[in-house]
Amino acid sequence: MVYFNCDCGKVYKIKKGFDKHIETCKNTNLKFIDLFCGIGGFHQALKKLGMTCVLACDIDKHCQKVYKNNYDILPVEDVKKIIPTEIEDFDIICGGFPCQAFSNAGKKKTFEDDRGLLFDEIIRIAKVKKPKFMFLENVKHILKVGEGKVMEYIKKKLDDNNYQLQLFE
């Protein structure tokens, strides 16, 4: 089970009471970064919970424009150029890392497609910044693609960096 230690001193199991507490606790000042942000799905949800985005990133120029209009933050274009030590401290990494390499539409090339390696950029940043949480999402097929080796790889990387995986299928 994953636990959250709020700045107010209360400890919550993520699945029980956390969302209601975050909505009402004035001592919660969680910060997040929004990688592969698109137009801001993660941002929309976390902002409603009182959290603050300190960095966004997306390669798509149209998404950058919409994100800037919606949240007044211009996303960085290339996740590979982010220097973790130059980002202010944050509590959560959000990332809807590219799914094309793992989907039927992308021909399931997995790590033979450069986009399949972008998960490693999340880990690169996490190793330096050590956020409390990561909220990651991808296509359902990622669980099976490559005979399950992609998911094994992701689980190992998270485990190697002291993160506990909780899947929502």
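Mentor: Let us begin with Gln64, which lies in helix H3, covering residues 61-71, and keep in mind that this is a predicted model.

Trainee: Is Gln64 buried or exposed?

Mentor: A residue counts as buried when its relative accessible area is under 20%. Gln64 has a value of 7%, so this residue is buried. If we leave aside neighbours within four places in sequence, Gln64 is in contact with Asp58, Ile59, Leu74, Pro75, Val76 and Glu77.

Trainee: How should I then read Leu136, and where is Leu136 found?

Mentor: Leu136 belongs to strand E6, which runs over residues 133-136.

Trainee: Which residues touch the most other members of the largest nonpolar core?

Mentor: That core has 22 residues, and those touching the most other members are Ile33, Leu35, Val79, Ile82, Ile93, Ile125 and Met134. At least two core residues come from each of strand E3 (31-35), strand E4 (52-57), helix H4 (119-129) and helix H5 (149-160), with H4 giving the largest share, five residues. There is also a second, separate core of 12 residues, including Leu30, Phe32, Cys37 and Met51.

Trainee: What does Val79 touch, apart from residues up to four places away in sequence?

Mentor: Val79 touches Leu35, Phe36, Cys57, Leu118, Glu121, Arg124 and Ile125.

Key:
Residues are numbered from 1 along each chain as its sequence is written. This is a predicted model: local features need pLDDT of at least 70, side-chain atom pairs count only at pLDDT 80 or more; totals for chains, interfaces and linings use all residues. Side-chain values use heavy atoms; hydrogens and water are left out. Helices (H or I, at least four residues) and strands (E, at least two) are DSSP runs, numbered from the N terminus. A nonpolar core is a set of buried Ala, Val, Leu, Ile, Met, Phe, Trp, Tyr and Cys residues joined through side-chain atoms within 4.5 Å. Buried means under 20% relative accessible area, exposed over 50%, partly exposed in between (1.4 Å probe, protein chains only). Contact means heavy atoms within 4.5 Å.
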